[in-house]
Amino acid sequence: MRLLDRDGEISAFARALEASGRERGSATILSGPVASGKTRLLTAFGDYAADHGALWLSAVSSLGEQNLPLGVVRQLLDGAVLPDSPAGARIPGVLDRLPHGPQERDLPHAAATMRELWSAVLALSKQRPVVLGVDDAHFADEASLQCLLYFVRRLGSARVMVLLTRCEGFARMNPVLDVELPRRPHTTLVRLRPLSRQAVHSFLLGRLGPAVTDRQAEEWYALTRGNPLLVQALADDIASLPEGLSDRPPHEMAGSAFARSMLACLHRGHPGLLAVARGIAVLENTEHARVLEDLTGLDAAAVGQALHELTGLGLLEHGRFRHEITRTVIVNDLEPGRLPLMHRHIATCLRGLGAPALVIAKHLVAASRADAPWELGVLREASARAIGSARFDLAIDILALAARSASDPRDRALMTALLAHAEWCRDPGLATRHLGALRTALARGTLSSEHAHDVLGPLLWHGRFDEIPRTLAALRAREAGTPGELSPQVRLAHQQVMCSAPHLVPSAVRSLPAQHRTQFAYVEARRRALATNALAGVLCATADAAAVAGAEEVLRSAGQADFAPDVLEPALFALIYSDRTEQAAYWCERLAEDTAMLKSDTWAAMLCAIRAEIAVRHGALGVAAGHAERALSILPAQSWGAAVALPLSCLVRARSEMREYEAVQRLLGSPVPDGMLQSRWGMHYLHSRGRHYAATGRPLFALGDFMACGDYMTTSGIDIPALVPWRTHAAEALLRTGQETQAAQLLEKEVARLGPAALRARGVALRVLSRLRPGPQRPLLLQESLAALQPSGDMLELAYVLAELSEAFHEVGDFSKARIVGHQATSAAEQCGARTLLERIGRVDGGHGPKDVPAGAAGGQRSFGLGGLSVAEWRVARLAAHGHTNREISAKLHVTVSTVEQHLTRIYRKLGISGRGGLPSWLSTRTPGMPGPAPLASAGLTPA
């Protein structure tokens, strides 16, 4: 019988057998890990010995027969096919005189018995060599081991060979097997090694054919570590697969045979081996050895020995199972109902060792029980840490268990609120199932008003506006006195609603001053107050510089505090609506680098939508469309709720400007949630839809959308052009219907109410107003519009102004300036990918305006000429060329000094200069995207 990779051992045993034939007896102890092939090798040598004329007598020891004295010796001699000789005839009589029960352990005539047995074996060896093979000798009874030791002491001139196998890994030392026998001069110790890589490869070739690659053989070896039993089992599993050998990794092809063989390895070892393996499978690591000791009832030495053996078997690596399949197989082998008990026991042990709450909570969740008073506190702490590290699925499991287990109504309400927040971060659609219970808890007072945002946020997101007034009224009813005496927490809840659906907040509460962050005990509440106060102040035109700075403080601490994505949205929009889009873009890019935060699908989708809004305001239409489509792909449609208006509005606006009208019609034809148009997000949607109607020649439809924006914004107290410049575009629609008087009234009111910082809105309003100023006044107004828009970074609105300025120069007969500015408008529109505007420029310019720009071209780029400078870089370069310091540039553009420095570094690299001295002077007179060194100057214009 040929064994794979065991030729060396067989040859050594054959030489020992040959020596015993010359009256030079020997003993060999063959050791190795569980299932390393010791039994197979012993059996193979027995066949070899019998084929070569030796008498093969074998026995197998077992744990169940350890209490039977001389049980192994009886096996060796009883039932053997003995030769028909006087020596063979003596054996039955000797066996009859052996003791038969465990009560006869102390044998009064042990020496005489062993002498008689040896005499019988020696008599047999006179005729031919005798080989005594004992498998699993570590389980042999004490009397048998003493008898075998007696034999070994007398092997010097006998034709007898003794071959024993033993399993490594038993912590308790056996005096005979581990001390006395190895010391005898005729004894050899042989350790059976695992199969080599080459042997595994040879086996694969023989079993599965030449299709086996070197890479597959290496993967196979890595999975089995050369364990013959596992190698054979894995081959059996693969051979039984319908597709046979494939390119899948071995652990994916392992099946029932591999599982049975792995369990066999563990069950055939000492009892502690299986217990420790089960403990590691449930604990998932060996970091807490004391837990393993407590779980298995073994001492530290026994656990350590078991770990060493499991590592030797190739099952463990760095204290963990090398493959998940190993852990799964062991766990599935547990008795029904035992797994939860083990997890609960582990959780209790870990608590006693001071383990982190998150580690303990995993086992409580696996146990599906949290009855003890301390467990609820552990679950709450663990959930906070899970949310803080954006592990939302784990947080949801933890909080679901906590909510089920809490007996106190307040605890149950709190855990349900935290669960709703975690589910909202993961997928907003999940959180809706808890809203009814949470609204009731708020009304009854079992849920603190500090967690009102966990109820109001999902209600606002999904547009369930009919439930919000009752919820706010319930919060106010819990407070004593007048609205001005409301607690900071309740006022913050009203501000949260104010930021998204201001029409739902009573005017008496809406006008209350903001709450300072120092009035809140928790960091997250302070951050929420800063962000919400900033956005509410901007929307109501009451925010000062400090309020907006608070929004940046929130963004700056985004990676340092517990994760709360619903706090970041108002902070970013406070910057956007303050015309600090460059700051908002900077923070969006910083937040997009935080991969942990982006594990929240809700936040990842909202961040894409916000980046799309910023790109629209910069005129980067392709970028805007890409971000908006990404936002809509991250979350399913049913999970977006009323907030879907934001990515939809950006996509409608971008596709419309890119003249993809059929795509826009499909977007506008898709159903939208109820109540969406009665929200801040809905204003974005109405505005974009109105712009599309205007672009496609439906001014009355456009006017209806713009006036709907105006009705909502004025009655809700958020009438700021930075949100939606509804008056300007309503006036534009009125002009197209011939209602110049009404248009002029709207425009004059708009311009009069704009502050000095609202440059973008002023530039757009002046552009439309110029249509009411014929003759030489129109170019002057448009030049003023151009000067206002240049610092805004809105390349698309700049293109529109340049296009109309070209028209104005045509009207006054200045065709040279008209042609120069027309080319500038074309260049800017091409950079934006604004095919709608390009078509208009082409009509005005007599066919000399736009090139045939393919859909999507250039609009996906954020580079606007000047060596590839972006709008933001151009703004910094322009001020630096004027001689402003970094700090002065920072103040003018509302960005940090660090951001200015980063922009300058990129500017120098793109322009191929070494510093400020290399900045060309014409930068200060140039609009981004213009092809010549100073085109506006050549046209006789003087931009700001």
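User: Which way does H41 pass H42, left-handed or right-handed?

Analyst: In this predicted model, H41 passes H42 in a left-handed crossing, a term for the case where the near helix is turned anticlockwise from the far one by less than a right angle, clockwise being right-handed. Helices here are DSSP runs of H or I with at least four residues, numbered from the N terminus.

User: At what angle do the axes cross, and within what distance do they come?

Analyst: The axes of H41 (residues 759-769) and H42 (residues 777-789) come within 8 Å and cross at roughly 160 degrees, so H41 is roughly antiparallel to H42. Axes are lines fitted to C-alpha atoms, for helices over the stretch in contact, with angles running from 0 to 180 degrees between N-to-C directions. Angles under 35 degrees count as roughly parallel, over 145 as roughly antiparallel, 65 to 115 as roughly perpendicular, and the rest as oblique.

User: Which residues make the contact?

Analyst: On the H41 side they are Leu759, Arg760, Gly763, Val764, Leu766, Arg767 and Leu769, and on the H42 side Leu781, Leu782, Glu784, Ser785, Ala788 and Leu789, where contact means heavy atoms within 4.5 Å. These residues divide into eight nonpolar, two polar and three charged; Ala, Val, Leu, Ile, Met, Phe, Trp, Tyr, Cys and Pro count as nonpolar, Asp, Glu, Lys and Arg as charged, and the others, Gly among them, as polar.

User: What about H13 and H15, how do their axes cross?

Analyst: The axes of H13 (residues 271-283) and H15 (residues 300-312) come within 9 Å and cross at roughly 80 degrees, which means that H13 is roughly perpendicular to H15. Gly272, Leu273, Val276, Ala277 and Ile280 of H13 make the contact with Val303, Ala306, Leu307, Glu309 and Leu310 of H15, and this set divides into eight nonpolar, one polar and one charged.

User: Changing topic, how many disulfides does the structure hold?

Analyst: The structure holds zero disulfides, a disulfide being a pair of cysteine sulfur atoms within 2.5 Å.

User: Where does Ser368 lie, and what is its phi?

Analyst: Ser368 lies in the loop between H18 (357-367) and H19 (373-388), and has a positive phi of about 60 degrees although it is not a glycine. At 47% relative accessibility, Ser368 is partly exposed. Ala390, in the loop between H19 and H20 (392-405), has a positive phi near 60 degrees, and at 4% relative accessibility Ala390 is buried.

User: And what does Arg225 contact?

Analyst: Leaving aside neighbours within four places in sequence, Arg225 is in contact with Pro194, Leu313, Gly314, Glu317 and Arg322. Arg225 lies in the loop between H9 (214-224) and H10 (228-240) and is partly exposed, with a relative accessible area of 30%.

User: How are the residues numbered, and which atoms and cut-offs are used?

Analyst: Residues are numbered from 1 along each chain as its sequence is written, and side-chain values use heavy atoms, with hydrogens and water left out. Because the model is predicted, local features need pLDDT of at least 70 and side-chain atom pairs count only at pLDDT 80 or more, while totals for chains, interfaces and linings use all residues.

Notes
Helices (H or I, at least four residues) and strands (E, at least two) are DSSP runs, numbered from the N terminus. Buried means under 20% relative accessible area, exposed over 50%, partly exposed in between (1.4 Å probe, protein chains only).
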